[in-house]
Amino acid sequence: MRPYGGPGGGRGHHTPAKKAFEGAAGYDEDKALAIPKDVMAVLGIRHPTVTGALATLYNAFSKTGKPLTWEVIEEIETQALIKGGADAEQALEAVREAIRALKAAGVAGATRIPWGG
């Protein structure tokens, strides 16, 4: 995991999805952690598949009417990475690391449900 816009060309897949945090105090999409493209390629993680899974999972969640908590974000983001080809344990640890970093940056939580229908 590297900052999305940080040294070493960390650009890749924001974990969790940046759409959930647009406008949140403390959120900077260039500083938010991402799985770099080259790492995704080595691990066999298919970015389009992850994004498609995120859209499906967040859209389904939005229909529950429940609030988007950190726990829900962790579950959805982890499942999407697994659907994209990530190892389950590595996916969970990546998501947890990214959530810890967001909280440390002062992000209180999501501002919206991405792909919320």
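Visitor: What is the order of the strands in the open sheet of three strands?
Guide: This is a predicted model, in which local features need pLDDT of at least 70 and side-chain atom pairs count only at pLDDT 80 or more, while totals for chains, interfaces and linings use all residues. Residues are numbered from 1 along each chain as its sequence is written, and side-chain values use heavy atoms, with hydrogens and water left out. Strands (E, at least two residues) and helices (H or I, at least four) are DSSP runs numbered from the N terminus, and two strands pair if DSSP finds at least two bridges between them. The edge strands, each pairing on one side only, are E1 (2-3) and E2 (12-14), and with antiparallel pairing the order is E1-E3-E2.

Visitor: Which residue in E3 is the bridge partner of His-13?
Guide: Strand E3 covers residues 33-36 and pairs with E2 in the antiparallel sense over three bridges. The bridge partner of His-13 in E3 is Ile-35.

Visitor: Is Leu-33 buried or exposed?
Guide: Leu-33 sits in strand E3. Leaving aside residues up to four places away in sequence, Leu-33 touches several others, including Met-1, His-14, Glu-97 and Ala-101, where contact means heavy atoms within 4.5 Å. Buried means under 20% relative accessible area, exposed over 50%, and partly exposed in between (1.4 Å probe, protein chains only). At 14% relative accessibility, Leu-33 therefore counts as buried.

Visitor: How far apart in space are Leu-33 and Glu-71?
Guide: In sequence, Leu-33 and Glu-71 are 38 residues apart. Taken from C-alpha to C-alpha, their separation in space is 18 Å.

Visitor: At what angle do the axes of H2 and H3 cross?
Guide: Two packed helices are described by the angle between their axes and the distance between the axes. Here axes are lines fitted to C-alpha atoms, for helices over the stretch in contact, and angles run from 0 to 180 degrees between N-to-C directions. The axes of H2 (residues 47-62) and H3 (residues 70-83) come within 8 Å and cross at roughly 145 degrees.

Visitor: How many nonpolar residues does the contact of H2 with H3 have?
Guide: Among the residues making the contact are Val-50, Leu-54 and Phe-61 of H2, and Ile-73, Glu-77 and Lys-83 of H3. Ala, Val, Leu, Ile, Met, Phe, Trp, Tyr, Cys and Pro count as nonpolar, Asp, Glu, Lys and Arg as charged, and the others, Gly among them, as polar. Beside two polar and two charged residues, the number of nonpolar ones is 11.

Visitor: Where is Arg-112, which meets Glu-22 in a salt bridge?
Guide: The N to O distance between the side chains of Arg-112 and Glu-22 is 3.8 Å. Glu-22 is in the loop between E2 and E3, 90 residues away from Arg-112, which is in the segment after helix H4 (88-104).

Visitor: Which residue forms a salt bridge with Glu-93?
Guide: Glu-93 is partly exposed at 39% relative accessibility. With the closest N and O atoms 2.8 Å apart, the partner of Glu-93 is Arg-100.

Technical notes: Salt bridge = Lys/Arg side-chain N within 4 Å of Asp/Glu carboxyl O.
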